[in-house]
Every structure is written in structure tokens, then in C-alpha cells.
Amino acid sequence: MAVTSMSRTTLTSLGKRNKMSPATGGPFSATYLVIAGGGGGGGSNQGGGGAGGYRCSVSGESSGGGGSAESPIAVSAGSYTITVGAGGATGGNNGNNSVFSAVTSLGGGYGGVSNNASGASGGSGGGGGRFSSSGGAGTAGQGYNGSGGIVGPVDPAGGGGGAGSAGTNSGGSSGGTGGNGVSSSITGSAVTRGGGGGGGPSGAGGTGGGGSNTTPGTVNTGGGGGDSSAGGSGLVVFSISKDAIVQFSAGVTSSVTRIGDQDVYTVTATSTTSETVTIS
């Protein structure tokens, strides 16, 4: 299976060449992975942030929260909203939603911001604050719940939920562990994303970009922030026929790789929530 990477300049040239051939206008089937920004940690020694919502339509893969792969969407000629959600800042901020056409993944919930404070709901829920608290709820088909705080030797805060599993808290000498993420091979190689952030003190982040303590969630994984750090930004990836002409508005940062007869577009940042992708 041939894999070819193309820069933005090459993509522009490719679009011009395609315009010399009859345009089909679709509809085209688009397979996608849409991950929202991770929630921010609650603050020093408080709850870890939940991972951003994780929605996937790749056959044989999974969406977050134990959900199955969704159905690809049909896109006809026209312009569609595309947004990569930023991670939430520490201290009570959910991550921001990511959007591709009609598909919206919800930002991860923030970690509990004070002793006994609950984690926030979101794509995946944030971990609760220290002592006795509740974790935030995840969203069905997007992510899991965060864990609560526990009264114990260090009164540990809860870990944020991940796309692949809930946050945990053993009540031991360190904070709760963030839930693990989910793997996808939409870009041609397997990558795990959507890990939850570790709760304080010094709880481990979940696999797939979950942060720990002052280490933020990993960029473009939607990982939740560690207790004292921000969540990681999200990601939008979609695969569409190479016959489609795809153009982005000026505020979109993207790259494209050809895999067989499909072009796989990876969008890593959008400067506003009004950016678009135009397909013809």
C-alpha cells in the first residue's frame, strides 16, 4: 500500500491539476477521527483533567467510552466547519470542542479545583479534588468518567478519565492515575491518543498523552492535563477519495498523505472557530 506525503505547496498544485479533470462534486465518503481538547488540571495537588472527546469512524477501530466505530459521513460539494479544540487551562477550564462537518467531540472535563470539589463532566470526565470527591462524567461514545478523591495517607485527588478507560484512584501515596487512550491507524500507523491526566500529588497520566503534575497533556492527542497543567490540544483527521478537491481556509494548519486511493488530511490547528474546509 503506497503512502505518499505532500506538503501544503504540493497540495495546492495537486488541487490545480485535479481541476483540469471533470469535477465530480461528490458525494464522497469521509472517514474521520475527531478529538477535542483535554481538560485542564484543577490546580496544585488537585484533580487531573479528562481527555477530550474521541469519535472515530475507521472500520474495526473504536470511539471513546467503549463505543464502536461510527459510520463515515457523506460530503457533497460545499464548505464545512473544521475546528481543532484547544486544551483547557489549569484551574477550572474544560477543553474546547473539535468539529468536522456535523461531527462534534466535546472538550474534556476539568479536574476538581479544591478539596472535596467534583471533577467536571466532558468528553471524558475530570478527576475529583483531594479528600472525598466525585469524578466528572464522560460522554457516551466519547470517553470515560474521572475518578474521585479519597481520604487516605495523602488524601489523593482523582485521575481524569481517558478515551479508553476510566481514571482510577487507589488511595495510596500518590494521586489517581489518568485513564488510558485509544489507538487509531487512520494516518497509516498506530497512534494512541486521548489519555486522562493524573491527579495530585504526582499521579501518572494515562497512555495516549495524559499529563502528570506540571506536565501538560500532549499536543494533538486531547490528553487531559496533570493536576497543575493544561490539557493537550485536539486533532481532526479525515480520509477521502483522491479525486476530491480539498481546500482549507487561511487559518487551518494541515498536511496530507496519500494512502492507496485515499488522501488523508491531518489538521493540527485552527486559528478560529470559523475555519472551513471546502470540498469539490
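Let's start with Asp 243: at 48% relative accessibility, this residue is partly exposed. By that I mean a relative accessible area between 20% and 50%, while buried is under 20% and exposed is over 50%, using a 1.4 Å probe and protein chains only.

Its partner is Lys 242, and the closest N and O atoms of this salt bridge are 3.8 Å apart. Lys 242 is partly exposed too, with a relative accessible area of 32%. For a salt bridge, we ask for a side-chain nitrogen of Lys or Arg within 4 Å of a carboxyl oxygen of Asp or Glu.

A quick word on what you're looking at: this is a predicted model, where local features need pLDDT of at least 70, side-chain atom pairs count only at pLDDT 80 or more, and totals for chains, interfaces and linings use all residues. Residues are numbered from 1 along each chain as its sequence is written, and side-chain values use heavy atoms, leaving out hydrogens and water.

Next, please find Arg 55 and Glu 70, whose side chains meet in a salt bridge at 2.8 Å, N to O. This pair links distant parts of the chain, 15 residues apart: Arg 55 lies in strand β3 (residues 54–56), and Glu 70 in the loop between β3 and β4 (73–75). Strands here are DSSP runs of E, at least two residues long, numbered from the N terminus. Arg 55 is buried at 18%, whereas Glu 70 is partly exposed at 22%.

Finally, Asp 263 and Arg 258 form a salt bridge, 2.7 Å from N to O. Is Asp 263 buried or exposed? Asp 263 counts as buried, at 1% relative accessibility.

Terms used:
Helix = DSSP H or I, 4+ residues; strand = E, 2+ residues; numbered from the N terminus.
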